[in-house]
Amino acid sequence: MMMASNPFTPTFGVVPAFMAGREDITSELLAALEEGVGNPNLTTIISGARGTGKTALLTYLSDAAQAQGWVSVNVSALPGMLEEIVQQTHAASAHLIDTSTPAKLASLKLGDIAEVQFSDSLEAAPTWRIRMGELLDALAETDTGLLITVDEVRDDLDEMIQLASAFQHFVRERRKVALFMAGLPAHVSALLQDKSVSFLRRANFYNIGIVSDFEVEEALGKTFDEGGREATPEALKEAVQLIGGFPYMMQLVGYRAWNASPDSPLISEDDVLEGSRFARNDLQRKVFDTTFRELSKGDVRFLVAMLEDDGPSELADVARRLGKRSNYASQYKRRLQEQGIVGEVGQGRIRIELPMFKDYLRDQLL
Ligand SMILES: Nc1ncnc2c1ncn2[C@@H]1O[C@H](COP(=O)(O)OP(=O)(O)OP(=O)(O)O)[C@@H](O)[C@H]1O
Ligand SMILES: [Mg+2]
């Protein structure tokens with residue numbers, strides 16, 4: 001029998017065969033693209049911890065936008081980002097606009113000689129907003145919208161601020177544009193605090209975290225199915241338990257379980273258990289080590305105080321163990337919540353939300 005190829009995607013940035021959860025977000029944003037100009041969700045910021053699926057979500061939305069007829073360009077917030085957006089827009093709209101004459105010169109009625117003489121300085125002169133405005137004018141002729149996705153947003157990049165400010169003008173000019181951004185919680189909140197981009201504070205905002213077990217089970221089952229194999233009910237249950245709602249872990253566990261006995265038509269509970277040992281190792285190296293390094297001393301002290309509890313912790317207990325007042329504890333709780341590490345479970349109780357991070361912390365700290 002030919003070995004079926006593994007349908008899981010345990011690689012950062014890759015859109016999974018089936019996304020667990022996120023349907024509320026994708027349906028809302030696809031509806032916004034459908035409606036077009038004036039829909040407030042066309043400016044959206046997605047924040048989430050490592051491995052929750054921000055890049056996958058942006059890519060999914062970008063593909064879906066293209067399928068709806070939008071031109072879509074995708075960049076990361078890095079120096080050169082604005083030029084990259086211009087170039088990508090040119091390339092992606094080549095079939096819609098005549099790019100043989102640069103859009104920035106098309107409207108200028110210059111004589112041939114003047115054009116030759118001045119074209120260099122004219123090419124250097126227009127601002128990014130003007131250059132993009134001309135591309136958008138051209139796209140508008142076929143009622144085509146432009147979606148810009150920006151991944152890994154940060155506040156310490158001038159071009160990020162320039163982009164936000166120009167984009168605000170595009171919206172005011174009622175151009176058909178959309179801006180979907182994503183980043184780690186700490187970077188997103190720093191960006192939103194920047195005085196020069198108050199426009200972004202009014203943007204549509206999602207904080208994505210873990211997904212429900214039910215959604216994991218559904219996506220996991222469909223992915224096995226897609227690959228032409230089936231997991232036993234026990235295997236599926238065990239896998240869901242191990243995944244703990246963490247999207248990246250779903251890919252790791254699925255991938256490793258699949259490879260445990262690739263020639264069998266069934267995925268067994270043993271396959272899942274064997275696979276999970278590797279998966280845990282992958283998760284530790286690719287997510288936990290980095291996340292741990294980024295914690296402040298105060299964050300770590302707070303987490304150590306939570307480790308005494310096997311289940312969720314009472315915030316009041318944590319504060320007492322730290323010998324601090326509850327508003328001090330609340331402040332750290334908020335910080336860790338922002339980083340996607342801690343979540344509330346109601347009635348003043350909190351828990352470490354990144355699955356298996358608690359065991360990892362115990363290994364590191366106790
Ligand atoms: N909703 C989902 N369901 C199942 N798997 C998912 C989902 N979203 C993403 N994944 C998978 O999880 C992994 C991480 O996704 P992605 O790279 O998008 O995370 P990220 O949030 O961008 O992480 P980082 O902050 O490190 O950039 C990938 O292997 C991807 O295929
Ligand atoms: Mg990413």
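Let's start with helix H7, residues 158-172: at 1.5 Å a residue, its 15 residues should span 21 Å, and the end C-alpha atoms sit 22 Å apart, which agrees. Keep in mind that this is a predicted model. Several residues of H7 are buried, namely Glu-159, Met-160, Ile-161, Leu-163, Ala-164, Ala-166, Phe-167 and Phe-170.

## The whole protein

Now for a step back. The protein has 366 residues, and buried residues make up 46% of them. It holds 17 helices and ten strands. Along its principal axes, the C-alpha trace spans about 80 × 65 × 35 Å.

Another helix to look at is H14, residues 297-307. How many of its eleven residues are buried? Eight are, and the helix is mostly covered. The buried residues of H14 are Gly-298, Asp-299, Val-300, Phe-302, Leu-303, Ala-305, Met-306 and Leu-307.

## What comes after H7

Let's return to H7 and follow the chain onward. The helix is followed by Arg-174, whose phi is positive, near 55 degrees. Arg-174 has this positive phi although it is not a glycine. The residue is found in the loop between H7 and S4. Is Arg-174 buried or exposed? With a relative accessibility of 56%, Arg-174 counts as exposed, because the cut-off for exposed is over 50%.

Asp-143 also has a positive phi of about 55 degrees without being a glycine. Its place is the loop between H6 and S3. At 54% relative accessibility, Asp-143 counts as exposed.

## Salt bridges around the loop

The structure holds 16 salt bridges.

| Salt bridge | Closest N and O atoms |
|---|---|
| Arg-129 with Glu-173 | 3.0 Å |
| Asp-137 with Arg-175 | 2.9 Å |
| Lys-176 with Asp-143 | 3.9 Å |

Take the pair Arg-129 and Glu-173, joined by a salt bridge. These two link distant parts of the chain: Arg-129 is in helix H6 (residues 128-140), and Glu-173 is in the loop between H7 and strand S4 (177-183), 44 residues apart. Arg-129 has a relative accessible area of 34%, so it is partly exposed. Glu-173 is also partly exposed, at 37% relative accessibility.

Next comes the salt bridge of Asp-137 with Arg-175. This pair, too, links distant parts of the chain, with Asp-137 in helix H6 and Arg-175 in the loop between H7 and S4, 38 residues apart. The relative accessible area of Asp-137 is 41%, which means that Asp-137 is partly exposed.

Lys-176 is partly exposed, with a relative accessible area of 23%, whereas Asp-143 is exposed at 54%. Looking at shared partners, salt bridges join Arg-129, Asp-137, Glu-173 and Arg-175 into one network.

## A negative patch on the surface

Elsewhere in the structure, charged residues gather in another way. Which residues form a patch of negative charge on the surface? They are Glu-23, Asp-24, Glu-28, Asp-213, Glu-217 and Glu-218. Helix H1 (23-35) and helix H10 (213-226) each supply at least two residues of this patch.

Glu-217 has a relative accessibility of 38% and so counts as partly exposed.

Helix H10 is also the place of Phe-214. With a relative accessible area of 60%, Phe-214 is exposed. Where does another part of the chain lie relative to Phe-214? The C-alpha atoms of Phe-214 and Gly-21 are separated by 8.9 Å, while the two residues are 193 residues apart along the chain.

Methods. Residues are numbered from 1 along each chain as its sequence is written. Chains are lettered from A and ligands numbered from 1 in the order in which they are written. This is a predicted model: local features need pLDDT of at least 70, side-chain atom pairs count only at pLDDT 80 or more; totals for chains, interfaces and linings use all residues. Side-chain values use heavy atoms; hydrogens and water are left out. Patches are made of residues with over 30% relative accessible area and no salt bridge: like charges are joined within 9 Å, nonpolar side chains (Val, Leu, Ile, Met, Phe, Trp, Tyr) within 5 Å. Accessible areas come from the Shrake-Rupley method with a 1.4 Å probe; for residues, only the protein chains shown count as cover. A salt bridge is a side-chain nitrogen of Lys or Arg within 4 Å of a carboxyl oxygen of Asp or Glu. Lys and Arg count as positive and Asp and Glu as negative; His and the chain ends are not counted. The place of a charge is taken as NZ of Lys, CZ of Arg, CG of Asp or CD of Glu. Helices (H or I, at least four residues) and strands (E, at least two) are DSSP runs, numbered from the N terminus. Buried means under 20% relative accessible area, exposed over 50%, partly exposed in between (1.4 Å probe, protein chains only). The expected span of a helix is 1.5 Å times one less than its number of residues.
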